[in-house]
Each structure stands twice: as structure tokens, then as C-alpha cells.
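Dear colleague,

Please find below the structure I am handing over to you, together with its sequence. My findings follow directly after it.

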Amino acid sequence: MRIGVPREVSPDQRLVAATPLTVQQLIKLGYDVAIETGAGLGANIPDTAYSDVGAAITGKDEAWASDIVITVDQPDATHRALLADGATLITRMQPDDEPDVVTELQARGVTALNLLSVPRISRAQALDVLSTMSNVSGYRGIIEAAEEYPGMFAGQVTAAGSTKPARVFVIGAGVAGLAALGAAGSLGADVHAYDVRADAAEQIESMGATFVRIDTEAQESADGYAKELTDDQAAATARVYAEQSALADIVVTTALIRGKAPITITKEMVEAMRPGSVIVDLAAQGGGNCELTVPGEKIVTANGVTILGYTDLPGRMPKHTSQLYGTNIVNLMKLLTPGKDGALVLDLDDVILRGITVTHDGEIYWPPPPIQVSAAPAPAPASVDATPDTAVTEQPAAPGLSKKTKNLLGALAGALILIGIITVSPAAFTGHMTVFVLAVVVGFYVILGVTHSLHTPLMAQTNAISGIILVGSLLQIGSDNIVITIIAMIAAAVASINIFGGFHVASRMLAMFQKES
């Protein structure tokens, strides 16, 4: 089968759905690849780069008439008309907002796969286009903020005095938020962040940022995304947003609920911010989290606050974003090509493929069935009918021995066995056994009975003990008793491992603290 990669319809779209690296991977899956002339120019990829890896450079009609067509944005009606009946279209779609497009594709037997509806499960992360774009947006948003901010992100110490680092406040710790606070932190800013989801605090702090705590119940939907707050929760978070935005030099907002952006930064909050402050509204495509955001535009308020409502942040880094987007598609094609023979197989029993299928074989498969993800709360236990006729009375489990009692009985049994062995053994064995038991007790408290953080300082002592054991075992290897000889050889081997392993670890640790010349 042939995969067509046409030029994007919008002249403002600089991304391309395939790069030379991803074309190579598609060819390895058994597909022929046709690239429309100039498809990669927006990402600075010439046609020759595609032809060098085996792709065919074709005209517009040939690319759109391929068996499988991959694009970044959903094509308009004119270009959809170029699709062959029964073809497969892989792109970013909004089926809920455009039911007419769904009906049109269904009528023509086109298989439409929506890259924006990839289920949020671990197995699907490699082909999650939404996460890819969000990550790039978060990173690029900080770069744009640094361009507009009239100060330095990192604090500086000079002969003339010192400056404080810029204070960045990130609202929302999803993929875009984490990318933003990571980029801001790497530039040296003092980063603070907040998210309504319960597990966000740990993620924020793991990135080196400060989590802003709000005394209100955390919110999270069944699919792992944030959901709408109650009135009391919204009032509490609004107070904190007002306090933090007034303190911040850079505010990054990322809140999107089902594609729509709730207002988190009001006009009054903007008026309370310092002149020169910057707001990066990463949710501008959903209407904007800031009340004054103009989607797609940059504005400067009367009090000197710059608000960035850019909606094309991934397209401002077309080289790497195209590569990431193309890799997402390659991972999807691997799932669609189990035989690696260039034959597309759409398995609707696969939750990933079912989740992205909009139309197939003249049928509409939208919306997909809900998928329970790991981030979802555990379902409530089913209620039990406790009426006398149907209730089942559980019998109490028979009481078992406690762990403490079991340990005591085990120790007692061991002691009795040891006493029995000593009673029938020669005097020399009794002496050796006494030394062995004492060595076990002392060794436990010296080595095993200390915390892991103290193991390294004790390494020298353990090596010394191992050395004593090694010397003793070497003296016993020449014994006439074969049992003693075997035990001595095992002891010598174990002690040698500990000694030489300790030297190796110590050498590696010393190398860590050595300065390169």
C-alpha cells in the first residue's frame, strides 16, 4: 500500500506529517511513501532529503489519491474530495464539532483515524499526539515569555550588585505545565506551580518547583484529567491565583477541560500585576484562561502586562515537532501493520485503534466507548442486599498464629536442633560452631543491622572482616576433611567477592569526585 504525505492545506502550518527519518521507518514496514513536492519546506526539509531515503516525490493529486493519507490538520472540503473512496485518512480531527465531515467520510467509505482521541493509557503514550504537542507548547511558551520579559530569568551576582531570579507561576501541571516549569527552572527562574489534581504536587516538586498548596479538596476526573471545580473550590483557588499572579513576573496558564479553557486569570488580576510582567496563555486555542487573552495574538495591557495568546507554538519549532509528530504516526502504523508487510489491519478490538476510529467501512464509530485508566479512582464496592432471605453470613476465619509467635517457635526449634547437634558432635566441632554463631551475631549487627546510608562508611570495616575470613579459609583449604575444605573454598570465594567488589565500588566513587583536567 502507498502512504501519501501532501502539503498542509493551511499556509500558516509549518509542520509536516513525515520526515526523512520517519519515512525510512514507514518503508521498513512495507509501505511505499509518496511526498507531495514541497511538503517539508515549512520544516526546512527539501524534497531531495525525502527522495534520498526512498520516497517518491509526486504531485498534489497523486499524494492525495494514496491508499493512506497522513496530514497534520484535517483537510478542507476541496482536499477531502481528492481522497480515493475507501482510503484511510490519519489526521487531527474534531468530530464532535464537525458532524458533517464525519457523515461525508462515512458515505465515501473512508476510514478516518483521529490522532487527537488517542486513549490516555500507558501503551498508547508512544503515539499520543496531544501530549507531544502539549510538551512542545509548554517549552516554547517559556521561550516566548523570555523574549518578552524585560529581565533575566536567572538571578545574577555582579560587582555592581545582585538581581533576583524571575518568579514564574504555572497554573496546571499536565504535560504542557510540566514542560513549562521544567524549561523555566532550567533557565534559573524561581518556579511555583499549582494543579487541582491530587498527584500533581509530587510531580511539581520532582521538577524542582514549589507546589502552591490550597486548602481545598483535589479534583480529578475518571480519565485522569482535571474536571470542573465546585463554587467553594473555585473561590479558594481564585484567591490564590490572585495572590500568586501579583507576585509573579511570568504567569503560564494551561487549564483545559474537554478542550475548553476556564477563566483562571481575571481582568482584575491582570491589573494587579507589575508592569513588564508576562502572561503565556497556553489554553488560548480553547478560548484562553486569561479574561483578556486574544487567541492567536499578543497584546499589551494599559498597565504594561504582555499577554501571549499564540495558538501556533508547536509550529514555531517545526523541525523537531515534525519529527515527533511523524514518530507518533510511525508508532501508530506499527500497531496497524502487525505483519510488517505494508498491509493495514484495523483491529477494532484493540482499545487504542477503537478509540481513534471515527469512520470505517461505511459505519460511524464516533464517539468511542469510555476507557477506564489507571489514574481513575477505584470503583465503589457494590451494595449487598442484606435481607434475611438473600444475605450470606460470612464465617469468621479461624485464628492463626501471629508472626511473633511463629518467629518464636522457629527460633526455639532452631535452638533445639543446634543443641542436639552439639550434644552428639566432637569437641572440636563444638568450638568451631560457637565461633560461627558468634560471627553470625556480630556480623548481623555490624553489616545488616545498619541503615543503607551507613553502608558506605562501613565498607572499609567489612573489607577488613572479609580479609580475616579469607585468611582463615585459606588456612583451612588444606584440611584432610573434605567437608572443611569445601566450606573453606566457599568462604574464600565469598570473601574475595566482597573485598574486590568493595575496591571496585570505592574506585568508582573516587572517580566521581575527580575533576577533569
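I begin with residues 483-506, where the chain is 100% helix and 0% strand, with end C-alpha atoms 35 Å apart. Please bear in mind that this is a predicted model. The stretch is one of those listed under "transmembrane region" in UniProt, in an unreviewed entry; the others in that record are residues 408-429, 435-451 and 458-477. Over residues 408-429 the model is 91% helix and 0% strand, and the end C-alpha atoms lie 26 Å apart.

Helix α7 covers residues 175-186. Its 12 residues should span 16 Å at 1.5 Å a residue, and the separation of 17 Å between its end C-alpha atoms agrees with this. Its buried residues are A176, G177, A179, A180, L181, A183 and A184. An α-helix has 3.6 residues a turn, so residues three or four places apart point the same way. The cover over the buried residues of α7 includes the helices α6 (129-148) and α8 (200-206), along with the strands β9 (167-171), β10 (190-194) and β12 (250-253). Just after α7, G188 adopts a positive phi of about 100 degrees.

D47 belongs to helix α2, residues 47-51. D47 is buried but forms no salt bridge, and the nearest side chain of opposite charge, that of R7, is 7.7 Å away. Leaving aside residues up to four places away in sequence, D47 touches E36, T37, G38, A39 and I57.

Several points of backbone geometry remain. In the loop between β2 (32-36) and α2, N44 has a positive phi near 60 degrees, although N44 is not a glycine. N44 is exposed, with a relative accessible area of 62%. D361 sits in the loop between β16 (357-360) and β17. Is D361 buried or exposed? At 60% relative accessibility, D361 counts as exposed, the cut-off being over 50%.

Finally, W366 and P367 are joined by a cis peptide bond, with omega at about 0 degrees. P367 is placed in the loop that runs between β17 (363-364) and α13 (403-424).

With kind regards

Methods. Residues are numbered from 1 along each chain as its sequence is written. This is a predicted model: local features need pLDDT of at least 70, side-chain atom pairs count only at pLDDT 80 or more; totals for chains, interfaces and linings use all residues. Side-chain values use heavy atoms; hydrogens and water are left out. Helices (H or I, at least four residues) and strands (E, at least two) are DSSP runs, numbered from the N terminus. Buried means under 20% relative accessible area, exposed over 50%, partly exposed in between (1.4 Å probe, protein chains only). Lys and Arg count as positive and Asp and Glu as negative; His and the chain ends are not counted. A salt bridge is a side-chain nitrogen of Lys or Arg within 4 Å of a carboxyl oxygen of Asp or Glu. Contact means heavy atoms within 4.5 Å. The expected span of a helix is 1.5 Å times one less than its number of residues. UniProt positions are given in the numbering used here, feature names are shortened, and annotations may be inferred rather than shown by experiment.
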